[in-house]
Amino acid sequence: RLVAVLVVILMATVMFAGCAKKAAPAEDVVVELWTQENEKETLPYLQALAAAYTAAHPNVTFQIVSKETEVLREDFQTSSLAGNAPDLLWTVSDHAGPFVVAQLIQNVDSLIDINQYVESVVMDNKTWAVPISAGNHLTFLYNKDFVPSAPADTDAMIALAKKLQAEKKVQYGLVFNQLEPFWLVPWLGGFGGKVFASDGVTPTLDTPEMQAALQFFYDLKFTHKIIPAEADYSAADTLFKEGKAAMLINGDWSYADYAAVLKDKLGIARIPMITATKRYPAPYTAGKYFMIAADVDGAKRDAIVDFIKFATNYENQIELVKTYKRLPGLKAALADPIIANDPILKGSAEQMAVGTPQPNVLEMRAVWDAMKPEMNKV
């Protein structure tokens, strides 16, 4: 695996190098960059970008550390308080809330022309992050060996899942991560609910809409019996890849991995409409973002800003689209025909169109922590 990654980095260094301007800072700079990407996601792409930038700017080097999403959040908070935080993050938008409140990252309004990008993390009328990719949303994935086209609504999805199981074509009709409330939010939206009141910070979790969403979850397992008795992210991922599950709900970060396994058998569409409400499930949409640590300044910040511009330029954003099937953060790249002409990206964009922008407020962390144990009890 390491050899494969190094080959990718070497090839990408040659490919990306022509895009990086040779305008290195006057002094040597070492940038410590933490990311929650891994080898199955876009870590090799990030490593290639960094290698290409260093090839054009030999006195700017990168130390890239990959951490699981919640570990990154906790470790960044701890290391910042201890005075040894990394310089740059490549991470998810909901980390911005606690980081901004704790004054751990800096706003980028004076550093980047943020109007070039699709969506930014804005709090208190300031911009706190630069988009790398748009989306980061859940979608409906299916194996065309079992599902010729996506079901129109949840009744059709359930009926198809039961049929496939009865015929023993698959072990499970549907799989998804049953432990994390990120997978509950789309259904809550489909039943007409939201996690916050109109003020954007007051939780509204104890509602008939939440009850309906949880009842739907319960019925999938205990009434219709089309999902496993237990399944975390890894279990759902494995069942779908091995052809033991026909349908899957997972995020846009996973497309490239599944396309490599299923090839042209992979289908992607909106999560089926909820029959009872005639609403589409509304997953949270956001993306992946660069965030700059609060204490970074001088030549190091100049190098980081230049690297961010390089990493999100048109050529590199299109490469991200081609290789990893992620919607880009740069508006010009999002308008490229490559997206409309690609069935995977087209399905992703259609799902994003009915999604809900994920709140960046600090209260979102409290909501996640409150929803998880109740969801797991159900």
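User: Exposed means over 50% relative accessible area, and buried means under 20%. Which of those is Lys 263, buried or exposed?

Analyst: Lys 263 is exposed, because its relative accessible area is 58%. Bear in mind that this is a predicted model.

User: Noted. Where is Lys 263 in the chain?

Analyst: It's in the loop that runs between helix H9 (255-262) and strand E10 (266-269).

User: Which loop holds Asn 136?

Analyst: Asn 136 is in the loop between E6 and strand E7 (138-143). Its phi is also positive, near 55°, and Asn 136 isn't a glycine.

User: And is Asn 136 buried or exposed?

Analyst: Buried, because Asn 136 has a relative accessible area of 11% and the cut-off for buried is under 20%.

User: Let's move to the strands. Which way do E1 and E2 run, parallel or antiparallel?

Analyst: Parallel. Strand E1 (residues 29-35) and strand E2 (residues 60-66) are joined by seven bridges. Thr 35 stands opposite Ser 66 in E2.

User: What do E1 and E2 make with helix H2?

Analyst: With helix H2 (residues 43-56), they form a β-α-β unit, and that unit is right-handed.

User: How many bridges does E1 have with E3?

Analyst: Three, and that pairing is parallel. Thr 35 turns up again here, standing opposite Trp 90 in E3.

User: And E3 with E11, parallel or antiparallel?

Analyst: Antiparallel, with five bridges joining E3 to E11. In that pair Leu 89 stands opposite Met 291 in E11.

User: How many of the residues of strand E3 are buried?

Analyst: Five of the five residues of E3 (residues 88-92) are buried, so E3 is largely enclosed by the rest of the structure.

User: Switching to pockets. How much space lies in the largest pocket?

Analyst: About 880 Å³. The lining has 30 residues, and Glu 68, Thr 69, Glu 70, Glu 180 and Trp 183 are the ones nearest the centre.

User: Which elements give two or more residues to that lining?

Analyst: Helix H3 (69-81), strand E11 (284-292) and helix H15 (363-377). H15 gives the most, with four residues.

User: How does the lining of the largest pocket split by class?

Analyst: There are 12 charged residues, nine polar and nine nonpolar.

User: I'm looking at a couple of serines. Where does Ser 133 lie, and what does Ser 133 touch?

Analyst: Ser 133 lies in strand E6 (residues 130-135). Leaving out residues up to four places away in sequence, Ser 133 touches Ala 286, Gly 287, Lys 288, Leu 320, Arg 326, Leu 327, Pro 328 and Gly 329. Ser 133 counts as buried because its relative accessibility is 4%.

User: And why does Ser 120 count as buried?

Analyst: Because the relative accessible area of Ser 120 is 17%, and buried means under 20%. Ser 120 sits in the loop between helix H4 (96-101) and strand E4 (122-123). With residues up to four places away in sequence left out, Ser 120 touches Ile 114, Thr 127, Ala 129, Pro 131 and Tyr 289.

User: Now Leu 248. Which strand is it in?

Analyst: Leu 248 is in strand E9 (residues 245-251). At 1% relative accessibility, Leu 248 counts as buried.

User: What is Leu 248 in contact with?

Analyst: Setting aside neighbours within four places in sequence, the contacts of Leu 248 include Thr 139, Phe 140, Leu 141, Val 175, Phe 240 and Tyr 258. The C-alpha atoms of Leu 248 and Val 175 are separated by 5.0 Å, with the two residues 73 apart along the chain.

User: Last one: where is Leu 205 found, and what is Leu 205 in contact with?

Analyst: Leu 205 is in the loop between helix H6 (185-190) and helix H7 (208-223). Apart from neighbours within four places in sequence, Leu 205 is in contact with Val 195, Met 210, Val 367, Ala 370 and Met 371. Leu 205 and Ala 370 are 165 residues apart along the chain, and their C-alpha atoms are separated by 8.9 Å.

How values were computed: Residues are numbered from 1 along each chain as its sequence is written. This is a predicted model: local features need pLDDT of at least 70, side-chain atom pairs count only at pLDDT 80 or more; totals for chains, interfaces and linings use all residues. Side-chain values use heavy atoms; hydrogens and water are left out. Two strands pair if DSSP finds at least two bridges between them. A crossover is right-handed if, with the strands pointing away from the viewer, the path from the first strand over the helix to the second runs clockwise. On a 1 Å grid over the protein atoms alone, a cavity is a set of points where a 1.4 Å probe fits but cannot get out, and a pocket is an open set with protein on both sides within 12 Å along at least five of seven lines; lining residues have an atom within 4 Å of a point. Grid points are joined across faces, edges and corners, and a volume is the space filled by probe spheres set on the points. Ala, Val, Leu, Ile, Met, Phe, Trp, Tyr, Cys and Pro count as nonpolar, Asp, Glu, Lys and Arg as charged, and the others, Gly among them, as polar. Buried means under 20% relative accessible area, exposed over 50%, partly exposed in between (1.4 Å probe, protein chains only). Contact means heavy atoms within 4.5 Å.
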